[in-house]
Amino acid sequence: MERILITSALPYINGIKHLGTLVGSMLSADVFARFKKARGHEVLFICATDEHGTPTELAAMEAGKDVRTFCDEQHLLQKAACEKFNLGWDHFGRSSSPQNRELTQHFARQLWKNGFLEVRTTKQVYSNADGRFLPDRYVIGTCPHCGYEKARGDQCENCTRVLDPIDLIKSRSAVSGSDDIEIRDSTHLFLKQSEFVPKLRAWIDSHKHEWPQLVYSIANKWLEEGLQDRGITRDVDWGVPVPDDIADGQLKGKVFYVWFDAPIEYIGATKEWADANGKGNVWKSWWYDAKDVRYYEFMGKDNVPFHTVGFPVTIMGSGEPWKLVDRIKGFNWLNYYGGKFSTSEHRGVFMDSAIEILPADYWRYYLMANAPESSDSSFTFEHFASVVNKDLADVLGNFASRITKFCIARFDGKVPGEGEYGDEEKALIAEMDKRVAQYTEYFEAIEYRKALAELRAIWVAGNEYLTRAAPWTHIKTDRAKAAVAVRMGLNLVHLFAHLAWPVMPAMARKIHETIQPVAGDAAVIPWPSDPMAKELDQLEAGQPIHAAEVLFAKITDEQLAEWTARFGGAEPA
RNA sequence: GGCAGCGUAGCUCAGUGGUAGAGCAGGGGAAUCAUAAUCCCUUGGUCGGGGGUUCAAAUCCCUCCGCUGCUACCA
């Protein structure tokens, strides 16, 4: 048994997440956590809302609320949406928690003590009208290169050139539109990332074959381009305050940059979990000197630099034996009809509306079977409907339906005990041994598309078997032969429930219950651990079963038309 | 501009040196237990363009084109 620590990239607090964020971090982490739990490992699965930073302050202002209240509300909304998707983490914390404040300050003190922080003065844009410093991208003006009038201070969207806010012509605040802005000196703490290049290089290279190519390439790129020191404080109000004992109080009133404290919240949320469950110092056994723990991180590609460079530097620089990640699973983007999902323009499908139109497991299966693993991929309702209808309704749902109903019609709704498994059954068992082993391997490798293609092939093998065994034909002449096929069919349904649980926990339970109640307290439906000869011959003769009514309803053309109209599909951005 | 990823059948994607693959869609057939659901067979691609290395290239090299992202103060 292993101890498995799993974290999902923290969803930002500024609104309900869309399907792309869901598949790339929270859902993929949940599916893996369930898989490991199903295999009997000790798993701790941690997530939290990432609450600090300028966008939060501005969103709260726009909502007419103070930041704390805004975050309180948004946290609960996101938590509720995630629970509806059956994201089964052990704790869903908040980066604004006291635990994270304490840990963030601890890491900063360690870095300061070890000489890896440096005070530097930088030029910052200050808006008099807004009474605040503005990050570069919140300054807009005319691009000096192409004349585009809405260029942002960090980059011109029109000509894609990288800019400095000082370069802009007629620069103004993106918040208020006021041109009453000026450049002020501001003092900040810089993390000396450049000193960690050899250590990072060795660490990253040691994981070259364990991380997806995407992750390694991004990490490598940052080192190749020459790692710069990075400012880890900001001139805003909402964040973890820099303690006075760092740099003799020169940074009074400033807070840590959101990307400094956000990954530390993985540890913070673990402490929140321990505190909330009376587990005292147990949280530390997962993170500090935790040589027996294997740590997995799940994230979209935008988060990769922070997890392969920033956070590791924080940990290495602390001089303390905090756990570094073992495996990173990174994802590309899920697009919406070829364009971007956009929170600000509300383009695409978001978690709250997705769950309104269909149960979580429809989405969970589709998203994992089509996860953007090797390249960006595109969500369309047409594709979604075809996958749901074919894979879930026709191949899986109908299989459970046809065999349970036949059993009820011809065998009194009880597992028939007559006959012995013959050549047909032995061939199926041999095939299933292979396929289940392959499915398990893909899961261990965190290759979701391949894993789910194998899962589907397993369902298809069930249908193929049933066609060959044809109990509806044998029932007329050889009742025992028909009984064998029905018994095997019911065992298959039972097996399918176990195999599907990490991906579709609610439907797996429902499928399982058509055959028999889930054993134990049923928090987990375990992974099949025995050879298929045993797994597929475990139902007791005479045991009653129930009809699998429509498990997965098909998506109709009318629904498809309604949803594309409602969510604005069809025309790519 | 620089860097990274991607470009394979109508669609979604596997495939990193050895005769081009899967699922869906399309065509034909079988079966009639089932949500008209299943099963079998099958049509379909000069692997983005061009050049090179090699006995052999989707795969390695060069070059061009296209899409996406990053470019360090959005997260």
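Which helices and strands each supply at least two residues of the surface near RNA strand B? I opened the predicted model with that in mind. My list has helix 2 (54-63), strand 4 (117-127), helix 6 (213-224), helix 7 (258-276), strand 16 (377-379), helix 12 (381-411) and helix 14 (448-469). Helix 12 gives the most, with eleven residues.

**Who sits around the RNA**

I got 60 residues around RNA strand B, and Gln 124, Gln 155, Ser 374, Asn 398 and Lys 405 come nearest.

**Single contacts**

I picked out a contact to each part of the RNA.

- Base: a nitrogen lies 3.2 Å from a polar backbone atom of Gln 228.
- Sugar or linking oxygen: a polar side-chain atom of Arg 234 is 3.2 Å away.
- Phosphate: an oxygen is 3.2 Å from a side-chain N or O atom of Lys 340.

**A helix pair**

Next I looked at how helix 1 (residues 19-38) packs on helix 13 (residues 423-444). Their axes are 10 Å apart and the angle is about 125°, so I put the pair down as oblique. The crossing of helix 1 and helix 13 is left-handed. Helix 1 makes the contact with Val 31, Phe 32, Phe 35 and Lys 36, while helix 13 brings Thr 440, Phe 443 and Glu 444. By type, I noted four nonpolar residues, one polar and two charged in this contact.

Definitions and conventions. Residues numbered from 1 in each chain as written. Chains lettered and ligands numbered in written order. Predicted model: local features only at pLDDT ≥ 70, side-chain atom pairs only at ≥ 80, totals over all residues. Heavy atoms only, no water. Near = heavy atom within 4 Å. Polar contact = N/O pair within 3.5 Å; in protein donor to acceptor, adjacent residues only side chain to side chain. Helix = DSSP H or I, 4+ residues; strand = E, 2+ residues; numbered from the N terminus. Axes fitted to C-alpha atoms, helices over the stretch in contact; angles between N-to-C directions. Parallel < 35°, antiparallel > 145°, perpendicular 65-115°, else oblique. Left-handed = near helix turned anticlockwise from the far one by under 90°. Contact = heavy atoms within 4.5 Å. Nonpolar A, V, L, I, M, F, W, Y, C, P; charged D, E, K, R; others polar.
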